Amino acid sequence: MPSVCLPDGSSRVISPGLTARELAESIGRKLAQAAIAAVVDGEVRDLSAPLPETENTKVKLLTDRDPEALEVLRHSCAHIMARAVVRLFPGSQLAFGPALENGFYYDIESPTPIREEDFPRIEEEMRRLISLEEPFERFERPVEQARELVRDMGQKLKVEHIDEDLARFPSLSFYRQGEFVDLCRGPHIPHAGKVGAFKLMSLAGAYWKGDAGRQQLQRLYATAFFSQKDLDAYLKQLEEAKKRDHRVLGKQLHLFTISPLAGPGLILWMPKGALIRGLLEQFLRDELVRRGYDPVYTPHVGRLEMYRTSGHFPYYRDAQFPPLYHHPAASALDLLQYRLASGPLDEAREREMGLFLSQASLVIPGYTEAKTPAAKLEATARQAAEILRLHSINLPDFDRAVGSEAQAKALLVWLERQEGYLLKPMNCPHHIQIFKAVQRSYRDLPVRLAEFGTVYRYEQTGELSGMTRVRGFTQDDAHLFVTPEQVEEELRANIELVRFVLKTLGLGDYRVRIGLRAKGSDKYVGSDDDWNAAEAALLRIVKSLDMPHTAEEGEAAFYGPKIDFVVRDCIGREWQLGTVQLDYNLPRRFDLEYIGADNKAHRPVMIHRAPFGSMERFMGILIEHFAGAFPTWLAPEQVRVLPVSEKAAEYARGVEARLRAAGLRATSDLGSDKIGARIRAATLDKVPYMAVVGEKEAQSGGVAARDRVAGDLGTMGVDEFIARLDAEIRARRLPGG
RNA sequence: GCUAGCGUAGCUCAACGGUAGAGCACUGGUUUUGUAAACCAGUGGUUGUGGGUUCAAAUCCCACCGCUAGCUCCA
């Protein structure tokens, strides 16, 4: 007899064909009404689906309290939204409409573009559909019939999807709601009335199947909840996050600015922001030195030759600022060489190349008109020859070269003789030179070279955002040169360092993500043994430290496995910080070695680590985490002295001087506003402490201390006030801690 | 780079084809203040830049620059 096992441990015998809904009814009428879907053997299913006729099937009925139910609800709401759009915008083509962590979207191609002004109409239509409480009815069709069905509905994208990805399935499922039918795997809520509250959020472009080479669709973002209360709470949380936006607070509190004239994506640290950054750097540097790192400094540019050796140039050149050459012809020849070296390209890569070349303002006569890849390469070579001639560069090897490969090689020989520099995209090649400057013995290892190193990457314009996505940033970088046996210990020490520092800043809640090789792929460098050992070490460490972690195959860099740190801030948002990466590649490219105990040369393993990513990004995250109210040890202004009236101004100046002499960052506000207004100003400036002084304090020689959050702390002596702040600063106490 | 939206005083915003305005901030004055906003006055703009349409453009059109939300990318 088939039976089910319920979460409370009880089991029931069921009749064949019984659905989850009928099961719920048999348990209780209320449960049946509240049920949204069911988890059957770990899989979320419709209530209307018959339960499997096996013994001891694990069944859990989901209600609006279960997170999985919310996902089902949102997916169903995506259907309701699509239905409303199809009604209002006849001829709309539907693509995908999945649930997300905070809502859902639907990608749609409509004959008349949808605009944000249309949101109220769409929402109204959705409300009407929801009030009908129509059921979601599932049905299945063999794949051929399914294809005909979507074709007859005029849903071209769905036809494409079946042809490309779904044809291998014997049958496909659909859900019907009134006149609206959508190809969909499900599951869905029993009827539309379960949607308690929803809201259309935004409109964006998205490529069909995420492929930039395909047409762009309109993506409607929205969210849905079981109750208006939950939606309101979510919207309030968004408001809260918005108030913490580091771009807003950074402006308000004069921490940093970005000037289009200085350059988009290039952070200008204002005095207050710079002070905080300096304190953070000092804190990190002290901690690194304590843990055996050696600070170094390297310049902002490096010879192209070095980046050719490391492989950074020219392979990632579309993400780099253009190289700096002395020879006036070199930039053009460099681009032409790059084009020739790339050889014949297919259509998609040719499009990318065209974009890149036009961005670099390189015009090749006859290039665009050339029909075949070979003709394009010929045009490129002609232009190179022309430039060589104009600049009287005699290059017989190029003239003799046959084919784009040989031509590229000849040009490269010339280019390599030219003086050329690159704004550094990474610090590692420089640090490697420092490692190589001294003969290294196994006794010297690990060598840990640390630098707050500024690097430059030419991010796409649409990618730039405040301090978190920029074109120049300073990594809290270090490179560790270790023996294979030392890898595990170094990784462990690294995680412990991150753990300590993040905890100090109140970001103690985080997990690590481990990037492993994709099985059976040959794109990785390094021996299998090294990889196996390194991957096992990574997993062993996170397990032994009892840390939340996820391991993801195929997420490793081609030169080694890596760990990413993902922290959760005080309002529950996750931020990806830096990474720790093992590297077998650069030691080989730069031919690094150390002398082992056997008196033979051995190749070290490199560990790249920038656990906080960059100072810019980390600062941005801290601003949001603290909502601009930095703990006293980091606050740019720690105390503001506020004389009650001008009569106490002289005394206030004296107090300020004493605070400064004690090492506190103090100022006085001697303005003519009333004391209440100046307290308000100091509070809005997020100054942690105020020292209110009037005639009483001037007589007793004290201050009336005030905390920016707790308010009046009462009167105390100046020394007592200083001691109190000093203790807090030494302990690096956190707000509320 | 792509899609959509947006650029008005230092900041937040109004004016939406017909004389560019408010609050805050700033400056000067009055007030001499006791724990989150005293009062009065004043300064401040070639409406992102450049072109076009119009008798007339912040407003409509085009190009560029920048910003925002996504997409794509991210060694």
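Me: This is a predicted model. What makes the pair formed by glutamate 695 and RNA strand B a polar contact?
Reply: A backbone N or O atom of glutamate 695 lies 3.0 Å from a base oxygen of RNA strand B.

Me: Which elements give two or more residues to the surface near RNA strand B?
Reply: Strands E11 (197–207), E12 (216–225) and E31 (702–707) do, along with helices H22 (675–684) and H23 (695–700). H22 gives the most, with 7 residues.

Me: What does the side chain of glutamate 646 reach on RNA strand B?
Reply: An N or O atom of that side chain is 2.8 Å from a base oxygen.

Me: How do the residues of the surface near RNA strand B divide?
Reply: There are 20 nonpolar, 16 polar and 15 charged.

Me: Now serine 310, in helix H10 (residues 304–310). Why is serine 310 called buried?
Reply: Its relative accessible area is 4%. Buried means under 20%, so serine 310 is buried.

Me: Which residues does serine 310 touch, not counting those up to four places away in sequence?
Reply: Pro429, Leu586, Arg589 and Phe590. A polar atom of the serine 310 side chain also lies 3.2 Å from the backbone oxygen of tyrosine 307.

Key
Residues are numbered from 1 along each chain as its sequence is written. Chains are lettered from A and ligands numbered from 1 in the order in which they are written. This is a predicted model: local features need pLDDT of at least 70, side-chain atom pairs count only at pLDDT 80 or more; totals for chains, interfaces and linings use all residues. Side-chain values use heavy atoms; hydrogens and water are left out. Helices (H or I, at least four residues) and strands (E, at least two) are DSSP runs, numbered from the N terminus. Buried means under 20% relative accessible area, exposed over 50%, partly exposed in between (1.4 Å probe, protein chains only). A polar contact is a pair of N or O atoms within 3.5 Å; within protein, one must be able to donate a hydrogen and the other to accept it, and residues adjacent in sequence count only if both atoms are side-chain atoms. Contact means heavy atoms within 4.5 Å. Ala, Val, Leu, Ile, Met, Phe, Trp, Tyr, Cys and Pro count as nonpolar, Asp, Glu, Lys and Arg as charged, and the others, Gly among them, as polar.
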